[in-house]
Amino acid sequence: MMAPRRMETKPVICFLKMLLLLYSFIFWVTGAVLLSVGLWWKFMLGPYMLLLSSSSSNAPYALIGTGATIILFGLFGCFATCKGHPWMLKLYAVFLSLVFMTELIAGISGFIFRHEIKGTFLTSLTEAVMWYNGYDERSMAVDDVQHKLHCCGVQNYTSWFSSVYFPASGIPASCCVSFVECSKADLKNATLAARKVYRQGCYDLVVSFIESNMGIIAGVTFGIAFSQVIGVSLACTLSYFITTNQYEMV
């Protein structure tokens, strides 16, 4: 006959298992979200990252790796909860703790980077415009930024006048408001080019665009990170109840 104490704690353990299963599913979803954000960052913000410090370009890979790992351990969490083995639940809690610390550090780094972006981007964009050649990665990144954001140069189109590219080829075609109305001769003429290209510089537009998106990424990362505390608490509590009451799955 089952001991009264076990009869009383069995519903509690079942309830905790239900909560942990629900949490593990949500945890799995957050992994998918991080993976999606990392892929979005890599493919949508890639051109902007090329114009920043090399360390920032590793951030999307970190998000993709973290998201993929969370997806795998989210599945492990569901399995551990169903099996009800204390050692598996403790391992799950340890992993959640590591994820919490990793995401917290990543979120803080992202927030700090968000405020440092202006100085690094101004220097890098100025150099990219100065040494633009039309075919290397940084030059293509400049073209992509100018075309997508409808801007030209660093502060404005006159930034191109001091570049090594301008004397021979003029202002890049990516600055053109309309490619049909832009000719090579027009782009080489400073007076005519002013009527054919975008007048606004790219610096302010790009800084605003990246800072707003970095804020979203940092916010999502902080939110997901602090949710791990719930998972750690549930996993440890369930492991404790199972161990203390020697609960066995039928």
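## Disulfides and ring pairs

The structure holds 3 disulfides, a disulfide being a pair of cysteine sulfur atoms within 2.5 Å. This is a predicted model, in which local features need pLDDT of at least 70, side-chain atom pairs count only at pLDDT 80 or more, and totals for chains, interfaces and linings use all residues. Residues are numbered from 1 along each chain as its sequence is written, and side-chain values use heavy atoms, with hydrogens and water left out.

Counting bonded cysteines along the chain, the disulfides follow the pattern 1-6, 2-3, 4-5. The table gives the sulfur distances.

| Disulfide | S to S distance |
|---|---|
| Cys151 and Cys202 | 2.1 Å |
| Cys152 and Cys175 | 2.1 Å |
| Cys176 and Cys182 | 2.2 Å |

**Cys151 and Cys202.** Helices are DSSP runs of H or I with at least four residues, strands are runs of E with at least two, and both are numbered from the N terminus. The link of Cys151 and Cys202 is right-handed, with 100° about the S-S bond. Cys151 and Cys202 are both buried. Buried means under 20% relative accessible area, exposed means over 50%, and partly exposed lies in between (1.4 Å probe, protein chains only).

**Cys152 and Cys175.** The torsion about the S-S bond is about 90°, so this disulfide is right-handed. Cys152 lies in the loop between α5 and α6, and Cys175 in the loop between α6 and α7 (184-188). The pair therefore ties together parts that are 23 residues apart in sequence. Cys152 is buried, as is Cys175.

**Cys176 and Cys182.** Here the link is left-handed, with -100° about the S-S bond. Cys176 is buried, at a relative accessible area of 2%. Cys182 is buried too, at 15%.

**Other cysteines.** Cys82 is partly exposed, with a relative accessible area of 43%. Cys236 is partly exposed as well, at 42%.

## Aromatic rings

How many aromatic pairs does a search of the whole structure find? There are 13. Rings of Phe, Tyr and Trp (its six-membered ring) pair if their centres lie within 6.5 Å; planes under 30 degrees apart count as stacked, over 60 as edge-to-face and the rest as tilted.

One of the pairs is Tyr132 with Tyr165. Their ring centres are 4.8 Å apart and their planes stand at 85°, so the pair is edge-to-face. The two residues are 33 apart and link distant parts of the chain. Tyr132 lies in the loop between α4 (86-130) and α5 (137-149), and Tyr165 in the loop between α5 and α6 (166-169). Tyr132 is buried, with a relative accessible area of 4%. Tyr165 is partly exposed, at 21%.

Tyr157 and Phe161 also pair. With centres 5.8 Å apart and planes at 80°, their rings are edge-to-face. Tyr157 is buried, with a relative accessible area of 12%, whereas Phe161 is partly exposed, at 32%.

Ring pairs also build a cluster. Its members are Tyr23, Phe27, Phe73, Phe76, Tyr92 and Phe95.
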